[in-house]
Amino acid sequence: MLAGQIRSRSPFKMVAAWALALALLSAPAVAQKTETTTTTVFAAASLKTALDAASADYQKNTGNKIVASYAGSSALAKQIEQGAPADIFISADLDWMDYVAKAKLINDETRVNLFGNRLVLIAPQASTASLKIEPGFKLADALGDGRLAMADVKSVPAGKYGSAALKKLGVWDAVEAKIAQAENVRAALALVAQGEAPFGIVYETDAAAEPKVKIVGVFPEDTHPPIIYPIAVLAASKDSDAAKAFIAFLKSPEGQAAFAKQGFTILK
């Protein structure tokens, strides 16, 4: 009788043993599952081509998503000041990063200068214009009745760099009335690409991103402040660890590849 009871229970013990084994086998898989993150980046418009490529690589490698919002650095800084939700800010100059830093809107320990750039004079690809950028060069004459496309010269970094260069070269007074100001550097680039302006001042990397324009000349570096792109995690970030991880990627050779390809200078 007792032996029969034992035999009748053994199948149940076997089922229980198999269930336990399956649970143990599946436990590591559950432990390895991690949640993906979404990081919002406010970035200078000139970064779009390279940052989109770098973000795609990052998402492919990690599964984590990067959502980038592009505009002039001045507009982005003001949005951050007004409480717009974002995790990272990349400015096209030091001034606007200093602006949000003074307002205690960034994590100062995460701030680093990532990239550099060059300022260039562009024309539509079909243009036959030839100008040598030097003190007193005849830009106003070359413009004729046309306009010089530039980002806003009072607030947007590309416009500020451009106006500084023109003033240093002694041609600002002659062209000031002929400037068509745009909300950001990519908007200025579009004016030239679409043939609405015979010349424009943009970054070298912008010209590289648009096949409808060509570079007429490069402004000497001593005619304007150094073009530097600082990055920092915002104080209001909801996931600063994820933001720091993306910045670390952008500082790595893998993350910098897209920027180097576009023509940015990698700062050490």
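**Close-up 1. Salt bridge between R111 and D98.** In this predicted model, the side chains of R111 and D98 come together in a salt bridge with an N to O distance of 2.8 Å. R111 is placed in the loop between helix 4 (94–102) and strand 4 (112–116), whereas D98 belongs to helix 4, so the pair ties together parts that lie 13 residues apart in sequence. R111 is partly exposed, at a relative accessibility of 28%, and D98 likewise counts as partly exposed, with a relative accessibility of 28%.

**Close-up 2. Salt bridge between K132 and E134.** The closest N and O atoms of K132 and E134, which form a salt bridge, are 4.0 Å apart. K132 has a relative accessible area of 61% and is therefore classed as exposed, because exposed residues are those over 50%. E134, by contrast, is partly exposed, its relative accessible area being 36%.

**Close-up 3. Salt bridge between D206 and R186.** Here D206 pairs with R186 in a salt bridge whose closest N and O atoms are 2.6 Å apart. The pair links distant parts of the chain, since D206 sits in helix 9 (residues 204–209) and R186 in helix 8 (residues 185–193), 20 residues apart. D206 is buried, with a relative accessibility of 0%.

Close-up 4. In total, the structure contains seven salt bridges, including the pair of R111 and D98, the pair of K132 and E134 and the pair of D206 and R186.

Note on methods:
Residues numbered from 1 in each chain as written. Predicted model: local features only at pLDDT ≥ 70, side-chain atom pairs only at ≥ 80, totals over all residues. Heavy atoms only, no water. Helix = DSSP H or I, 4+ residues; strand = E, 2+ residues; numbered from the N terminus. Buried < 20%, exposed > 50% of the residue type's maximum accessible area, 1.4 Å probe, protein only.
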